[in-house]
Amino acid sequence: MPAVFLKDRSLLFVSGAEAQSFLQNLITTDIAALEADEARPGALLTPQGKILFDFMIWRDGDGYTIETDAGQRDGLLKRLTMYKLRAAVTLAPSTEEGVTVSWGEDAEGAQGSQGARGSRGARDGRFAKAGVTLRRRAGRHGDGAEALYDALRISHGIVTSGSDFALQDAFPHDVLMDFNGGLSFRKGCYVGQEVVSRMQHRGTARRRVVTVSAATDLPGTGTEITAAGKPVGTLGSVDGGNGLAIVRIDRAGAAMAAGTPLLAGDTPVSLVLPAWSGLVFPASADEASA
């Protein structure tokens, strides 16, 4: 069983009588619908609807565990504390650093207690959408190379902030949160909800995650992807000849329909939308706005 320790992940615990309502009114995830064994992606947005912090969240006993990038944790804790006011909520950082992810046959048949600190861990809902059982667990429980995990998420179109998009620069739709369980349109209001709901109902999302492939090694993260010299998107995580990018699917679709080569720097590339998203490239601007 692959078991990879991600040293740059950190945890926060949210507990108390009002923990669920507190989070439900702030973040994009519908945590009332969270299953006991499920980890879902989520974000705290700016009022303009862009991702300020991104994370995974799951139930942990009577409270919740939030897993985020170690560089985001203190800022997220400070922001949540600002919103807390007099709510009956306790916010506490974990003293245990890092998260172990495991997948494969052993992860599918794993037994034990649930939650971040249980022997089994929480099932990552993003990978479940792609047909992969992957569990997340606090602390070090494996020594597999982190590149194994990166290759897995790249092959399934699962992005991470920092490598694939910059915080405060992407909408939840850009990173497929409207398809991976991280964005609710049915619960009540939360920070940035009006903007993302408007994007959803008007169908104005154009930037989307794609998997990128090339016959040779791809250039580095941040390389511009172009069609006929015009920008289409930006390359994110790279694993040899495979990678991720966030692109304008209207521009990419039009280029592919016209037979115009797509280039990452000088390297010819092919783009594919993750199958689990159900999205297709529009062949024209008219189709994109339909």
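Which residue in β12 is the bridge partner of Ala227? In this model, which is a predicted one, that partner is Lys230.

As background, strands of a sheet pair through backbone hydrogen bonds, either parallel or antiparallel.

Now the sheet around them. Six strands close into a barrel, and the order is β10-β13-β12-β11-β14-β15. The pairing in this barrel is antiparallel. On average, neighbouring strands of the sheet are turned by 40° against each other, direction ignored.

Helix α5 lies across β10, β12 and β13, and runs at about 145° to β12. Helix α7, residues 249-258, packs on the sheet and touches β10, β11, β12, β13, β14 and β15. The direction of α7 makes about 105° with that of β13.

Let me stay with α5, which covers residues 146-155, and pick out Arg153 in that helix. Is Arg153 buried or exposed? Arg153 is buried, because its relative accessible area is 3%, and the cut-off for buried is under 20%. Leaving aside neighbours within four places in sequence, Arg153 is in contact with Phe127, Ile158, Val159, Thr160, Ser163, Asp164, Ser237 and Leu244.

The side chains of Arg153 and Asp150 meet in a salt bridge, at 3.2 Å from N to O. Both residues lie in α5, three residues apart, which is about one turn of the helix. The general point is that an α-helix has 3.6 residues a turn, so residues three or four places apart point the same way. Asp150 is partly exposed, with a relative accessible area of 27%.

How many salt bridges does the structure hold? There are 15.

One joins the side chains of Asp174 and Arg207, at 2.8 Å from N to O. Asp174 sits in the loop between α5 and α6, while Arg207 is in strand β10, residues 207-213, and the two are 33 residues apart. Asp174 is buried, at 2% relative accessible area, whereas Arg207 is partly exposed, at 29%.

The other joins the side chains of Arg123 and Glu35, at 3.3 Å from N to O. Here Arg123 is in strand β8, residues 122-124, and Glu35 is in the loop between α1 and β3, 88 residues apart. Arg123 counts as partly exposed, at 21% relative accessibility. Glu35 also counts as partly exposed, at 47%.

There is a network of salt bridges as well, linking Arg9, Glu67, Asp124, Arg126 and Arg136.

Last, helix α6, residues 193-202. Which of its residues are buried? They are Gln193, Val195, Val196, Ser197 and Met199. These buried residues pack against β3, residues 38-45. Just after α6 comes Gly203, with a positive phi of about 65°.

To go back to the opening, Ala227 and Lys230 are bridge partners, and their strands, β11 and β12, stand next to each other in the barrel order.

How values were computed. Residues numbered from 1 in each chain as written. Predicted model: local features only at pLDDT ≥ 70, side-chain atom pairs only at ≥ 80, totals over all residues. Heavy atoms only, no water. Buried < 20%, exposed > 50% of the residue type's maximum accessible area, 1.4 Å probe, protein only. Helix = DSSP H or I, 4+ residues; strand = E, 2+ residues; numbered from the N terminus. Contact = heavy atoms within 4.5 Å. Salt bridge = Lys/Arg side-chain N within 4 Å of Asp/Glu carboxyl O. Pairing = 2+ DSSP bridges. Axes fitted to C-alpha atoms, helices over the stretch in contact; angles between N-to-C directions.
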